Each structure stands twice: as C-alpha cells, then as structure tokens.
Amino acid sequence: DSNKVLMHDIATPEVEPALAALLRASESEFDAEAHSATLVGLRILIRVGTEDKAVHPWFSRRMFRTLLAAGASPSDVSLTEIP
C-alpha cells in the first residue's frame, strides 16, 4: 500500500512487461481489498495503538473500512484504538 511496485515510478515505461507483471504478482498477497471479501462472516477484532510506530493506525482503520465495504456486518467487525 505505502510502497506499491511501479506505481509512481517515472521509469515504469522502461520496465519490460514480463518483469513488471512478475513484480506486481509478488505483492498481490498484500492487497487488502482483494482479500477482505474472504473475511466477511467472521468476527474480527482489530486493536491498534494510536501512537504505534511500527504499523501506523491508518492501516487498521483502512482495513476496518475495507471490511465494511466488502459486506462485513458492523456487529462482526470491531476496531479498538488504544492510547
């Protein structure tokens, strides 16, 4: 998300198409939108520290929104931010 391969790289047109496809495929497992639908129907508790320096709370909030957009019930998904 924060470091998508070839997303903002000005040299992207110079990369061979086969290499570009391989690089994009290697990061597809981290695509939250693509995988969120598989979690619909499960009870999910997301907990994050508001001052977390390792993984910014934005990513937890984003996953919460992504799950709801994928059809998860608000009663099944809980986001708790710990100060």
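Which residues does L67 touch, not counting residues up to four places away in sequence? We will come back to that after a look at the whole chain. This is a predicted model, in which local features need pLDDT of at least 70, side-chain atom pairs count only at pLDDT 80 or more, and totals for chains, interfaces and linings use all residues. Residues are numbered from 1 along each chain as its sequence is written, and side-chain values use heavy atoms, with hydrogens and water left out.

Let us start with the overall plan. The protein chain has three helices and two strands, and from the N terminus on they run α-α-β-α-β. The radius of gyration of the protein chain is 16 Å, well over the 12 Å that the globule rule gives for 83 residues, so the chain is more spread out than a compact globule. That radius is taken over C-alpha atoms, and the globule rule is 2.2 Å times the number of residues to the power 0.38. Helices (H or I, at least four residues) and strands (E, at least two) are DSSP runs, numbered from the N terminus. Along the principal axes, the C-alpha atoms of the protein chain fill a box of roughly 45 × 30 × 15 Å.

Next comes the surface. The protein chain has an accessible surface of about 6,100 Å², and 60% of that belongs to carbon and sulfur atoms; such areas come from the Shrake-Rupley method with a 1.4 Å probe, and for residues only the protein chains shown count as cover. Of the 83 residues in the protein chain, 18% are buried. Here buried means under 20% relative accessible area, exposed over 50%, and partly exposed in between (1.4 Å probe, protein chains only).

Now look at the two strands. Strand 1 (residues 44-49) and strand 2 (residues 77-82) pair in the parallel sense over six bridges, where pairing requires that DSSP finds at least two bridges between two strands.

L67 counts as buried because its relative accessibility is 1%. Contact means heavy atoms within 4.5 Å. Leaving out residues up to four places away in sequence, L67 touches S36, L39, I44, I46, A72 and V77, which answers the opening question. L67 also lies 9.4 Å from H35, C-alpha to C-alpha, although the two are 32 residues apart in sequence.

S60 is in helix 3 and is buried, with a relative accessible area of 13%. Leaving aside neighbours within four places in sequence, S60 is in contact with I46, V48 and L79. T66, also in helix 3, is buried with a relative accessible area of 10%. Not counting residues up to four places away in sequence, T66 touches A32, E33 and S36. Across the protein chain, among contacts with a separation of 6 or more, 60% join residues 24 or more positions apart.

Finally, turn to A18 in helix 1 (residues 17-26). A18 is exposed, with a relative accessible area of 60%. The C-alpha atoms of A18 and A34 are separated by 22 Å, and these residues are 16 apart along the chain.
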